[in-house]
Amino acid sequence: VMRSTVELFAALPSVIFGLLALTFIVPWVRVTFNAPLGKGILPAAIVLIFMVQPTIVTITEDAVRNAASSLREASHAVGATRWQMLSGVIIPASRQGILTAVILGLGRAVGETMAVQMVIGNITVRIPKTLTEGATTMPAAIVTQLPEAADPQTRSALIMVGFLLLVIAFGLILAVRTVSGRSGKSTKPV
């Protein structure tokens, strides 16, 4: 049941997440935190949690499932309980896949535009003081402001924001490569 639910979340387009957030999360934030609009960083973070979790859960589940069956058998052979096997053998053996899942999920969160823009408020005038105030994200700023940016300074600033997103993406790719490369070096014959 959980696997089907996670795969269902993975199949939903970003705009559906945004509509669901506008329907359920924004009114909840408005009432619970007495926020005038209900839009802001908090509802955007909640939406991102639901959007990123399918990536993280699916890759993590694959990493744990693909841990060598010989490790499972060996831990059972020495008398380990199921919990001892998972916490002491399987999770450490699949740590590389788990870290990769988190990094790839973070990459999706950084690049997400549509759903976040729908619930964050798209306010670029000031830095918000609370999580329930409106804000904007880097991709949303580029999407909404670049078409109307006639001033060369504004256009240059938005291009720099795009360059920073590119640097962040390269950093995440480098992190995945570093995590992936670590396992090949750490498995030495005994």
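Okay, hi everyone. The average pLDDT is 88, and 95% of the residues score at least 70. Where pLDDT is low, the predicted coordinates should not be read in detail.

On to the inside. The largest nonpolar core has 17 residues, and Ile25, Val47 and Val119 are the ones touching the most other members. Which helices supply at least two residues each? Those are α2 (14-32), α3 (41-65) and α7 (114-120), with α3 giving the largest share, six residues. Click on valine 119 if you want to see this up close. Setting aside neighbours within four places in sequence, its contacts include Leu22, Val26, Pro43 and Val47.

Next, the aromatics. How many aromatic pairs are there? The count is three. Take phenylalanine 9 and phenylalanine 17: their ring centres are 6.2 Å apart and the planes sit at 25°, so we call the pair stacked. Phenylalanine 17 is buried, at 6% relative accessibility, while phenylalanine 9 is partly exposed at 24%. Tryptophan 28 is partly exposed at 44%, and phenylalanine 33 is partly exposed at 42%.

Last stop, charges. The structure holds four salt bridges. Arginine 3 meets glutamate 7 at 3.3 Å, N to O. Why are those two about one helical turn apart? Because they are four residues apart in helix α1. Arginine 3 also meets glutamate 61, at 2.5 Å, N to O. That pair links distant parts of the chain, since glutamate 61 is in helix α3 and arginine 3 is in helix α1, 58 residues apart. Arginine 126 pairs with glutamate 133, with the closest N and O atoms 3.7 Å apart. And through shared partners, Arg3, Glu7, Glu61 and Arg65 end up in one salt-bridge network.

That's my tour. Thanks, everyone!

Key:
Residues numbered from 1 in each chain as written. Predicted model: local features only at pLDDT ≥ 70, side-chain atom pairs only at ≥ 80, totals over all residues. Heavy atoms only, no water. Phe/Tyr/Trp six-rings, centres within 6.5 Å; stacked < 30°, edge-to-face > 60°. Buried < 20%, exposed > 50% of the residue type's maximum accessible area, 1.4 Å probe, protein only. Core = buried A, V, L, I, M, F, W, Y, C linked by side-chain atoms within 4.5 Å. Contact = heavy atoms within 4.5 Å. pLDDT = per-residue confidence, 0-100. Salt bridge = Lys/Arg side-chain N within 4 Å of Asp/Glu carboxyl O.
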